[in-house]
Amino acid sequence: MSMLEYRSSAWARGGLLAMRNVPGVALGDRVAVRDHLGNRRNGQVIRSSSEMVLIQIFEGTDNLDLERTWVRFLDQPFELALAPEMLGRVFNGVGQPRDGRPPIISSLARNVNGAAINPAARAYPREFIQTGISTIDGMNTLVRGQKLPVFSGSGLPHNRLAAQIVRQAKLLAYGDDNREGQESFALVFAAMGVSHSDAQFFEESFEESGVLGQVVNFINLADDPPIERLILPRVALTCAEYLAFDLGMHVLVVMTDMTYYAEALREIATGKGDVPARKGFPGYLYSDLAEIYERAGRVRNKKGSITLIPVVSMPSDDITHPVPDLTGYITEGQIVLSRELMAANIQPPVSVLPSLSRLMKDGIGEGMTREDHARVSSQLFASYAKAQEVRSLAAIIGAEELSQEDNQYLKFAEAFEQRFVSQGEHEDRSIFHTLDLAWEILSLLPKEALTRLSEKDIEAHYLSTGTQ
Amino acid sequence: MNSEGTILDIQGPIVIAQLPSALIGEQVKLGSEGLMGEVIAREDGRAIIQVYENTEGLRPEGPATALGSQLSVELGPGLLGGIFDGLQRPLNTMLDLTGERIERGLVVSAIDRNRRWAFVPAEELKVGAQVSGGTILGTVPENETITHRILMPPDIAGELHDLVPAGEYAVDDVIGRVRDRYGNIHKLHLSSRWPVRIPRPFGKRDNAVQPLITGQRIMDTFFPLLKGGKGAIPGPFGAGKTVLQQQIARWSDAQIVIYVGCGERGNELTEVLDTFPKLTDPRTGRPLMERTLLVANTSNMPVVAREVSVYVGMTIGEYFRDQGYDVVIVADSTSRWAEALREVSGRLGQMPVEEGYPAYLGSTLSAFYERAGRVVTLNGNHGSVTLIGAVSPPGGDFSEPVTSHTKDIIQTFWALSKDLADARHYPAVDWLESFSLFVDAAAKWWHENINEDWMRLRNAALRLLSESEELARIVNLVGVEALSGQQRWTLETAKLIREGLLQQSALEPQDSFCSPQKQFLMLKLMIEIYNRGAEMLRIGMPVQELLRQPLMAKARRWKIVYSSEDIEGLEKELQAIEPTFDALRTEYASPVQSTGAKADLS
């Protein structure tokens, strides 16, 4: 059947092409479309019935002349050819080269939709990744195999934060396979709808840190067809799975920006006439996002891992918008960026209170970071939350009216933001440096206020000069 | 009974097939891979089928076979300690068969068909006796914790024709026969099947009387749930729903715990699978898995199987209830299940009502929650199913449809708050938004078993907490200096109650589980401190002086200093309070003032 070309297009709009009278086409099959200029477009069957076959065209349906459009059903699912030579290359959303070099030829090809990992086959992630960023390492620790999104807004430096994590991420020298682990590190960079300048920024950043040869890029720019964004994360993750579970590499996947992905999904869904749930997004957005995010992780008895850092920009900084909201329900925490901190020139502007890492508890402590880590982190959260209350009080009644203890909290908050949160884009802090810094700042508070720390901790680390 | 047809249309998890004789609810096998689905609607000769597995690769004109039976689960010995997917397929067996990825069209038996169980027939049961649904035919020691009672299937009754002697039998062996009143012979096995969407029958409903002790102070002491009750834990992401659900699954004093991970994270389930087998039951000292059963359908597994998974968990729960056990079912999260309903209804183009949810959302939810309850079983024993559902409201908005419908149905509501979670106050149960309709019933148990002061002290603590909320508002407007000494003391002891009593760490071994005795003593200690301090203020002691007392910092650490067994230690602390304050009193009391007046908060 793959030799037959059909010209029975019924209609085309918004990235969708409908074909009449094509019998027995399997759902999910790959489609090759030849338009009147002889250009080839890629498509996939998203609904198949005996009367009508619906195809989404990743290059879009612009300039399609229905009379002169030839469609070939390839009778195979959408697959990606996989080979180690992918490292260092740049591809588009469907896995075709963008860098002018020849396509990947390999006998190994996999369905880009993947298959769900059996929960009983997963290994629980517990290896600490040091990002060198205090707010992440100290308070929202990232571990191998975690999916930790960055929630951001327009104009906020999420890309710089992602690039810094990529440059600085490393394991501490506790594990036996550590050296090996460093060597078999790879990065999959999936860009959906990003601007040319952002793409350039990432490229320069990878080059600068000397990892360019270890990166596989899948790029769809802001002016590329939006429908391609639907398949791009699946293609990128298929590549990541191959690197991680076939080649045994530790893969960090950075996906930016998931909001553009979801908007492309909404575009197709409305085109298909799906019933909208919230803000016009289809009811299956949760399942769809989960199919992407849940491909991160570790598998028992396999060496590699996939750690996923999706960037989600929150339209008008609204964390309850369906995309960040549903993302938060699937991922294991989130790093939230704040406009106020950025206005106060604090870089990176990580807002720690709404940030969270769910897998932190098993990746820190003795033998992994430091024995007091969990309690220090908990104390920082509690004290900073209390300091925020004092701040809002001071805004009403004036700082002069505050009690002595409240004033200490103000000083603490100031020091916390200026010294702990704020760090240069190129400053790489070790976890021990981060924790010592935390103690320095906590010592601005009286010992009695540190109820989340044990007496032993206070004895060992509290700087009594700090109270003055 | 099989009838054949052809596939006409495939759209996501929904398939339309030409199947003129299929009934609604009937199971259908589709395509060359034999994907399983069930009929959810009929239109002329067409059946609309929701498919439990990914439909990629299905083709129009492919085969569709109606199987003549409804989706049902297998019930028998060998279930406990198991980990199943949403269709009751054991995940470990699937791992052995197909490796780390779940393949489609896999048919795996829920229980080991070869394992032999030591069956002991019920002594009083004689051949010729009249038996009916629920009659205990005998027992099988499933493990050290649980004795499995083999019951007559609810839909069979008649005269016992024969019953095997004690011995080792596999689940497929015939252990007896029954002749019904039409003379038909029914074979009996150690296992039986039951359709998941039909509640298993029972004698009658009875009142719930006993609190479910979860070892979590905010739940047991402040917002109790009874065995056989319905509870909900709503909260935005990051508020600690899953940890709290897992705490309940770990520590609650039910005999059987069924944890349904419905549309949740893979790594979280792995954590459950990793940690549960290592835990021991604080009451029996036996491995916790001996009484636990997990149903796991992660968010990336097919959406229709997610919808089914809660029914699978519930049906297994009812089966153990019928054996006379107290069962807790923890469903995490019911929102994902509701979303699965929405997804299917959306694909069918049904008219959405609120936020895209179908009009039948409310009735489906309440019908499901109503399967919980304490009942008199068919054989006259008592058994209960307690259902605790997590709800994940989008954006933490409790007015959204799933939360608001759930709130109407349940009896105990543990509202999680984002603000508390942000300040790392865990469990982040908001004491102002939460409620329990069971306080009076629970009080009876506490008064009989722990102490008669329970209700009085609990109310006193709640009053302090709500008063402090008012005071905090004043402080936010005009500063803490505007408060009187008494008000300041109320504010500070409320803070002590929050940090020393309500906050409970799931990670600290001493604190993770808190026995009712310890809960009560801690509550009493806090109120005692408040009352004694208030007394000091009345005789003129400045509140700052009181707050400087080392007792205030010490009281916050009692929860981790004393274990649940170390009741004596807490008793000593309680006895030490009076001398501590008496010493203060001698220091501050003016000689003329009477110190005898005592005005307790209560």
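Two residues are in contact if their C-beta atoms, placed from the backbone, lie within 7 Å. The model shown in these views is predicted.

**View 1. The contact between chain B and chain A.** By that criterion, 62 residues of chain B are in contact with 61 residues of chain A. On the side of chain B that touches chain A, the elements giving two or more residues include strand E1 (3-11), helix H1 (91-98), helix H4 (266-275) and helix H11 (454-478) of chain B. Of these elements, H4(B) gives the most, with seven residues. The residues on this side of chain B divide into 24 nonpolar, 18 polar and 20 charged.

**View 2. A strand of chain A paired with a strand of chain B.** Strand E5 (residues 40-49) of chain A is joined to E1(B) by two bridges, and the two strands run antiparallel. Within this pair, Ser48(A) stands opposite Ile10(B). Strands of a sheet pair through backbone hydrogen bonds, either parallel or antiparallel.

**View 3. An open sheet in chain A.** The sheet has three strands in the order E13-E12-E15 (chain A), with antiparallel pairing. Strand E13 (142-143) and strand E15 (170-171) of chain A are the edge strands, each pairing on one side only. Two bridges join strand E12 (residues 128-130) of chain A to E13(A). Phe128(A) stands opposite Val143(A), a residue of E13(A).

**View 4. The domains of chain A.** Chain A is divided into domain 1 (5-76), domain 2 (81-363) and domain 3 (373-467). Between the C-alpha centres of domain 1 of chain A and domain 3 of chain A, the distance is 61 Å.

Terms used. Residues numbered from 1 in each chain as written. Chains lettered and ligands numbered in written order. Predicted model: local features only at pLDDT ≥ 70, side-chain atom pairs only at ≥ 80, totals over all residues. Domains from an automatic or database assignment. Pairing = 2+ DSSP bridges. Helix = DSSP H or I, 4+ residues; strand = E, 2+ residues; numbered from the N terminus. Nonpolar A, V, L, I, M, F, W, Y, C, P; charged D, E, K, R; others polar.
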